[in-house]
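Here's a quick tour of the structure below. Have a look at it first, then read on.

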Amino acid sequence: MISRVSTSTDRPWRALLPVAVVLGVMAFGLTSSGYVVTVIGFAAIYGIFCTGLNFFMGYTGQASFGQNAFAALGGYGTAILCGNHYWDPLAAFLVSMVFAGLVAYLVGLPTLKLRGHYLAMATFALGLITYEISIEWNGLTQGYMGISGIPPLGVWKFELANEKQMLVALTLLMLLGVWISVRLRDSRFGRALRAIAGSEPAARALGIDVARYKLAAFVIAALYASAAGSLFAHFVGFISPEVFGAAMVIQSFTMLFLGGIGTTWGPIVGAIMVLMLPEFLRGLKELQDVVYSMALIALLIFAPKGLAGLGSLFARRPKAPVPTPSGAPARAIAK
Amino acid sequence: MPDAVQFIQSLVNGVGVGLIYGLVGIGFCVIYNASGIVNFAQGVFVMLGGMACEVLLRKFHLPLPIAFLIAVPFVALVGLLMEVLVVRPMWNRGSPLFAIILATLATQIMIERITILTVDEQPHTFQEFTLGGPLKIGAIAIPYQLFWIVGCGALMVGLLWLFFTRTRAGRALRACSQNREAAALLGIPVGAMLLLSFALSAALGAVAGILVTPMQAIAFNSGTPFGVSGFIAAIIGGFGNAAGALAGGILLGVLQAVAIVLLGAGFKNVAALTALLFVLFLFPSGLFAGLKPKAH
């Protein structure tokens, strides 16, 4: 996957095409009504979330099954500060992000020392703990009832009055998020992350402080998740524990794997496609989560590179992964 | 401050639930030993067992033993299907560890949603195996179901022990857990062993689910707490060690019971999950490390 990452200089059209597609989708959203706008807005929010997740899983080759915890922190931070305490949305957004980042740092210190199953289970537990707390801490989160009446996004006196203005803001924020991720990926920092994904001992031998870089990637992923959570709260005006439950983990992983893990635009493309899916499967609303899970399993089995792998069908033939009889348990994702 | 009676009562309940965790934990170990995979959907077998049994009792009015004998093989079959349709293809392709974990997690969500569609979202329960009770010892009440749990738990552990030490298939499974390549070279069908381990582990989960349903109502999403608790039990016991998992389960059950008394019922899962993190951070190879270290 690393070899496929092309920097923006060698093929300019490749770098600009996704931007054009995203702007096209947004334009489509602006000309259509109600529900489509909502779906595209969600796609932008999930796109931000998955871009963060991609940092930790795609570039750094680690696994976190509990990023929903940080989305919940962002969402509840915004809901409580704006809804109950009438803070300025931007201030609440930033304070929630800082808080989520701080929590990620403190939690990441011991957690990221774990590997394999233990890392997976520990991060999964983080998500579950946050979920349980958001249900049980009634005084703060209003439990299952959730928090409603969260004001829309805005800065000082300017408030985004309708969904379409919100959509423009979300798309711009998402593009900003992607731009930051590209800048980071192509920096010294990003190269260090990819070295860790390739081989931890090798990275260490090159003088990379593996633990610190992993932690940094984890915190960045948490910042993105928190931002996505806050935006969700503003966009919908209501949050409840279910929003940030285990289904969110599966949904975001479906997006990441569909679009192509470890690629810049994969998370965005995946988010758009996964959220559009119910539109084409009207009447199957009930089956939505079943379809997501089955799609994810099928992707993991047959096309672990997702749509990004399609490109390589037309380009130079990539080296096929050599199957090992002893099975995988020992290798990290996104080699 | 809770009085002594309340405290002892919660310990009694804790041991009962803890045995269930232990059984689920053993289920984790069986699959892990055979394949090196941790099946994150382990808890869903508990839910399915309880749910299937409840539906058979309520809709088809079957007697409990018959419902039990249908529900357990049914869940074992689900375990088999999961191995054939999800884990085996990934295994053959040499998928990365995290992808396999994710696939088992997705399977769990899928089974939960299918349960909602085919049964419903409500919690279900059925009456205790033996009516009457609870047994009163002074001020402490012991529900009859607890004796069933202890009895069946002991029976299961005994049968498992016989299986692993006395039968060819059980020994082959143990050989696989020690060294898969060597086992294959000795002519042990490693693939079939993997299949067997999933069926066995699913059946174990189903029995645990049927035992616990009269004490705690089971809903479509009850699997995750049991799965996570079972995983914690397995870790406390040093992953892959069945006896350790059972002991770990009881320890965890008691800890949760104490947490319920001190913090209220709502935070019992938070307490268990926090315990998980502490065990992971401080004792990554289990509290009884040294017996069979297998951390990684």
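## A walk through the model

Starting at the N terminus, chain B's elements go α-α-α-α-β-β-α-α-α-α-α-α-α. That's 11 helices and 2 strands for chain B, where helices (H or I, at least four residues) and strands (E, at least two) are DSSP runs numbered from the N terminus. Bear in mind that this is a predicted model: local features need pLDDT of at least 70, side-chain atom pairs count only at pLDDT 80 or more, and totals for chains, interfaces and linings use all residues. Residues are numbered from 1 along each chain as its sequence is written, chains are lettered from A and ligands numbered from 1 in the order in which they are written, and side-chain values use heavy atoms, with hydrogens and water left out.

Of the 296 residues in chain B, 57% are buried, meaning under 20% relative accessible area with a 1.4 Å probe, protein chains only. As for contacts (heavy atoms within 4.5 Å), take those in chain B with a separation of 6 or more: 74% of them are between residues 24 or more positions apart.

Now for a helix pair. In chain B, H1 (residues 4–35) packs against H8 (residues 190–212) at about 175°, with the axes 9 Å apart; axes are lines fitted to C-alpha atoms over the stretch in contact, and angles run from 0 to 180 degrees between N-to-C directions. So H1(B) is roughly antiparallel to H8(B), a label for angles over 145 degrees. Residues making the contact include Ile20(B), Leu23(B) and Gly27(B) from H1(B), and Met193(B), Phe198(B) and Leu204(B) from H8(B). By class, the contact of H1(B) with H8(B) has 15 nonpolar, 4 polar and no charged residues (Ala, Val, Leu, Ile, Met, Phe, Trp, Tyr, Cys and Pro are nonpolar; Asp, Glu, Lys and Arg charged; the others, Gly among them, polar).

Here are some buried residues:

| Residue | Relative accessibility |
|---|---|
| Cys50(A) | 0% |
| Cys176(B) | 1% |
| Ser96(A) | 3% |
| Thr224(B) | 17% |

Thr224(B) sits in helix H9 (residues 223–236) of chain B. Beyond its neighbours within four places in sequence, Thr224(B) touches Phe124(A), Leu128(A), Gln108(B) and Glu112(B).

How many disulfides does the whole structure have? Over all chains there are 0, counting pairs of cysteine sulfur atoms within 2.5 Å.

How values were computed. Buried means under 20% relative accessible area, exposed over 50%, partly exposed in between (1.4 Å probe, protein chains only). Angles under 35 degrees count as roughly parallel, over 145 as roughly antiparallel, 65 to 115 as roughly perpendicular and the rest as oblique.
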